[in-house]
Amino acid sequence: MVKGGKPLCGEVTVSGAKNAAVAIIPAAILVDGVCTIENVPNIKDVQVIVEILRYMGAEITYLDNYTLQIDSRNIRRDTEPHELMRKMRASYYLIGALLGRFCKANVTMPGGCDFGTRPIDQHIKGFEALGAVVRQDSGIIIAEAEKLVGTNIYLDTVSVGATINVILAATMAEGTTTIENVAKEPHIVDLANFLNAMGAKIKGAGTDVIRITGTKNLKGGTYSIIPDQIEAGTFMVAAAATGGNVLVKNIIPKHMESVSAKLIEVGAKVTEYDDSIRVEGTKPVRGVKIKTLPYPGFPTDMQPQIVALLSVAEGSSIVTEGVWDSRFQYVGELVRMGANIHVEGKTAFITGVEHLEGAPVRATDLRGGAGVIIAGLMAEGVTEITDLKHVDRGYEKIEEKFKALGADICRVSE
Ligand code: EPZ
């Protein structure tokens, strides 16, 4: 429940990156030793992937709330818990990791947010190029190889998931793998840095071409996950949206460039420091045009939050979704709160209104949920948000962090 109208003020510390954690934890399957992973966010998706690995025989200990120790040496390939796998998108990283370690994987088709069709043809193309035979049987993907051999792979679509999955499978393949037209998101660089810290030989992560020289011996070690770029962006937008003044701490400002640039364009003041950014909002904000793109473009995972902000901008805005077929499910919830937004295909046309009004709304998906929370923080009156389970998959204690910034927000029930 959110009572809107209060400018957010103060400091907030960003957690470790969800989308890095859900790749790095299964990557530990490749490691013949103990991995200590720091700055792990305390979120539902991490709990699920930890549960999956434990079920399969990994020994996982929480050294503290944010530090995981993973020993996957005794993991068994034939015990995949399909019900758990269905709960999260990133369970498909188990295909790359298990294929890399055992040359065999048996994984349920992934769940996750509903953005229309979410094909994994590019993941499969990569596995097949490395020598695997991949088939689907009753919603389960079975990938098998006698051995994996390095090769050249060109991805037809820039895909975060396919880039990560092919890296996982190729890390221990024989010879060298070159992957072209890869995604460049910070969490891809983070995964490569983690694997390299364990002894892998991966070059070029963060550019369009990644080269992997296969190695059989990954040893344990300690690694710290990067800060969550999308959580940081969510607080930055919320600060601007409420006309507040917030220092967002524990971040890598370089990762935030596209979000910072848009916030400056709407009229907010953004000041960068070494590992934090201050956002000072002015009201009203100005309408802008945005197209979401793969990194370093404006992130699709920030689209609902910025649309919530633009719903009260002066003038009109046009937001085009450049990554997913369908990512405007949450717009109906904003319209219930008085927003004037019209969606045609992959574009939202927004005519700014003077204010939003509190209403009962739903978190339709993870980032859509963050968008309606921001709308609630701006609105007059009380907004009641249901289906928070989507939000809890990717944000750690979101209501507590907003409350500490002065928001009138509380969780009524689990
Ligand atoms: C990752 O999803 C993120 N999830 C998503 O974040 C994010 O929206 C997305 O990347 C884009 O940045 C995780 O990291 C767990 P893609 P992913 O493969 O890897 C098409 C969040 O809110 N495609 O980069 O599944 C696909 O349909 C979540 O934290 C193919 O055509 O996304 C889409 O249009 C939601 N064939 C585009 O590529 C394929 O084989 C990008 O998808 C794979 C993808």
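Val107 sits opposite Ile141 of strand 8. The model is a predicted one: local features need pLDDT of at least 70, side-chain atom pairs count only at pLDDT 80 or more, and totals for chains, interfaces and linings use all residues. Residues are numbered from 1 along each chain as its sequence is written, and side-chain values use heavy atoms, with hydrogens and water left out.

Strand 6 (residues 104–108) and strand 8 (residues 140–144) run antiparallel and are joined by 5 bridges. Strand 7 also runs antiparallel to strand 8, again with 5 bridges. Two strands pair if DSSP finds at least two bridges between them. Helices (H or I, at least four residues) and strands (E, at least two) are DSSP runs, numbered from the N terminus. Val134 stands opposite Ala143 in strand 8. The hairpin of strands 7 and 8 has 2 residues between the strands, and Ser138 takes a positive phi there, near 45°. Lys104, Arg135 and Glu144 are linked in a network of salt bridges.

Four strands form an open sheet in the order 21-22-1-23, with mixed pairing. Strand 21 (360–362) and strand 23 (408–409) are the edges; each has a single partner strand, so one side of each lacks a neighbour in the sheet. Strand 1 pairs with strand 23 in the antiparallel sense, over 2 bridges. Lys3 stands opposite Asp408 in strand 23.

Asp78 is in the loop between strand 5 (67–71) and helix 3 (82–85). Its relative accessible area is 56%, which makes Asp78 exposed. Buried means under 20% relative accessible area, exposed over 50%, and partly exposed in between (1.4 Å probe, protein chains only).

## Helix 5

Which residues of helix 5 are buried? In this helix (residues 121–129) they are Gln122, His123, Ile124, Gly126 and Phe127. Their cover includes helix 4 (93–102), strand 7 (133–137), strand 9 (152–154) and helix 6 (160–170). Contact here means heavy atoms within 4.5 Å. After the helix comes Gly131, with a positive phi near 115°.

Lys125 forms a salt bridge with Asp156, the closest N and O atoms being 3.1 Å apart. The pair links distant parts of the chain: Lys125 is in helix 5, Asp156 in the loop between strand 9 and helix 6, 31 residues apart. Lys125 is partly exposed, at 30% relative accessibility.

## Helix 9

Helix 9 (residues 257–266) buries Ser258, Val259, Ser260, Lys262, Leu263 and Val266. These residues pack against helix 8 (229–241), strand 15 (269–272), strand 16 (276–280), strand 17 (289–291) and helix 10 (303–310). Just after the helix, Gly267 has a positive phi of about 115°.

Lys262 and Glu265 form a salt bridge through their side chains (3.0 Å, N to O). They are 3 residues apart in helix 9, so about one helical turn separates them. Lys262 is buried, with a relative accessible area of 14%. Glu265 is partly exposed, at 37%.

## Other salt bridges

How many salt bridges does the structure hold? The total is 20. A salt bridge is a side-chain nitrogen of Lys or Arg within 4 Å of a carboxyl oxygen of Asp or Glu.

Lys219 and Asp32 make one of these (3.8 Å, N to O). This pair links distant parts of the chain, 187 residues apart: Lys219 in the loop between strand 12 (209–213) and strand 13, Asp32 in the loop between helix 1 (18–27) and strand 3 (34–38). Lys219 is partly exposed at 44% relative accessibility. Asp32 is partly exposed at 40%.

## Aromatic pairs

The structure holds 4 aromatic pairs. Rings of Phe, Tyr and Trp (its six-membered ring) pair if their centres lie within 6.5 Å; planes under 30 degrees apart count as stacked, over 60 as edge-to-face and the rest as tilted. Tyr92 and Tyr93 have ring centres 5.0 Å apart and planes at 65°, so they are edge-to-face. Both are buried.

Phe194 and Tyr223 are also edge-to-face, at 5.8 Å centre to centre and 75° between the planes. Phe194 lies in helix 7 (residues 186–197) and Tyr223 in strand 13 (residues 221–224), so the pair ties together parts 29 residues apart in sequence. Phe194 is buried, with a relative accessible area of 0%. Tyr223 counts as buried at 12%.
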